[in-house]
Amino acid sequence: MITLKVKSELHELKKVRSFLKNSLEGKETSEKDYYIMELSLVEVCINIIKYAYPKKTGEIYLRSWVKENNIFFEIRDDGIPFDPRTTKKPDISEIIEKEKKGGFGVFLIRSLMDRVEYRRENNQNILIMNKSF
């Protein structure tokens with residue numbers, strides 16, 4: 001099991017990428033699967049930075065483990081409660097028409113990862129996602 005604690009600041013994403021690399025050390029993954037995991041993990045952290053701690057800096061706690069040919073990521077924060085399961089599929093036409101920015105992150109994560117689970121426990125958002133490789 002590998003763990004990492006970072007501040008909810010964009011410059012910390014470099015550490016998150018290193019965390020992913022360390023989590024997969026010695027494991028054979030395709031370039032495509034690696035990119036999917038990196039995109040999903042970074043997107044979760046960016047959402048936490050932007051929305052869980054909008055007016056202050058908080059902390060993001062990451063944990064990863066491998067079981068058989070699956071890697072699991074647990075991402076925790078103490079920020080504003082947010083359940084990604086309640087997010088609706090984005091309306092691409094509306095986003096283009098109104099020139100909105102964003103709105104695809106949660107949809108991407110749920111589409112790219114094999115499983116995404118959420119719970120709120122002890123005043124923390126806890127997201128667990130996994131990907132087979």
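The model is a predicted one.

Begin with the whole chain. The protein has 133 residues, and 38% of them count as buried. Four helices and five strands make up its elements. Read from the N terminus, their order is β-α-α-β-β-α-α-β-β. Now look at the contacts. Take those in the protein with a separation of 6 or more: 64% of them join residues 24 or more positions apart. The accessible surface comes to about 8500 Å². Carbon and sulfur atoms hold 50% of that surface.

Next, find two helices. Two packed helices are described by the angle between their axes and by the distance between those axes. Helix H2 covers residues 31-52, and helix H4 covers residues 105-112. Their axes come within 10 Å and cross at roughly 145 degrees. The crossing of H2 past H4 is left-handed. Which residues of H2 and H4 make the contact? From H2 come Ile-36, Leu-39, Ser-40, Glu-43, Val-44 and Asn-47. From H4 come Gly-105, Val-106, Leu-108, Ile-109 and Leu-112. Sort the residues of this contact by type. Seven are nonpolar, three are polar and one is charged.

Now turn to the strands. Strand S4 runs over residues 115-121, and strand S5 over residues 124-132. The two pair in the antiparallel sense, over seven bridges.

Last, follow a single residue. Phe-72 sits in strand S3, which spans residues 70-77. Is Phe-72 buried or exposed? Its relative accessible area is 12%, and the cut-off for buried is under 20%, so Phe-72 is buried. What does Phe-72 touch? Leave out residues up to four places away in sequence. Then Phe-72 touches Arg-63, Ser-64, Trp-65, Lys-67, Arg-115, Met-129 and Asn-130. Take Asn-130 from that list. Phe-72 and Asn-130 are 58 residues apart along the chain. Their C-alpha atoms, however, are separated by 4.3 Å.

Conventions:
Residues numbered from 1 in each chain as written. Predicted model: local features only at pLDDT ≥ 70, side-chain atom pairs only at ≥ 80, totals over all residues. Heavy atoms only, no water. Buried < 20%, exposed > 50% of the residue type's maximum accessible area, 1.4 Å probe, protein only. Contact = heavy atoms within 4.5 Å. Areas by Shrake-Rupley, 256 points an atom, 1.4 Å probe, with all protein chains shown as cover. Axes fitted to C-alpha atoms, helices over the stretch in contact; angles between N-to-C directions. Left-handed = near helix turned anticlockwise from the far one by under 90°. Nonpolar A, V, L, I, M, F, W, Y, C, P; charged D, E, K, R; others polar. Pairing = 2+ DSSP bridges.
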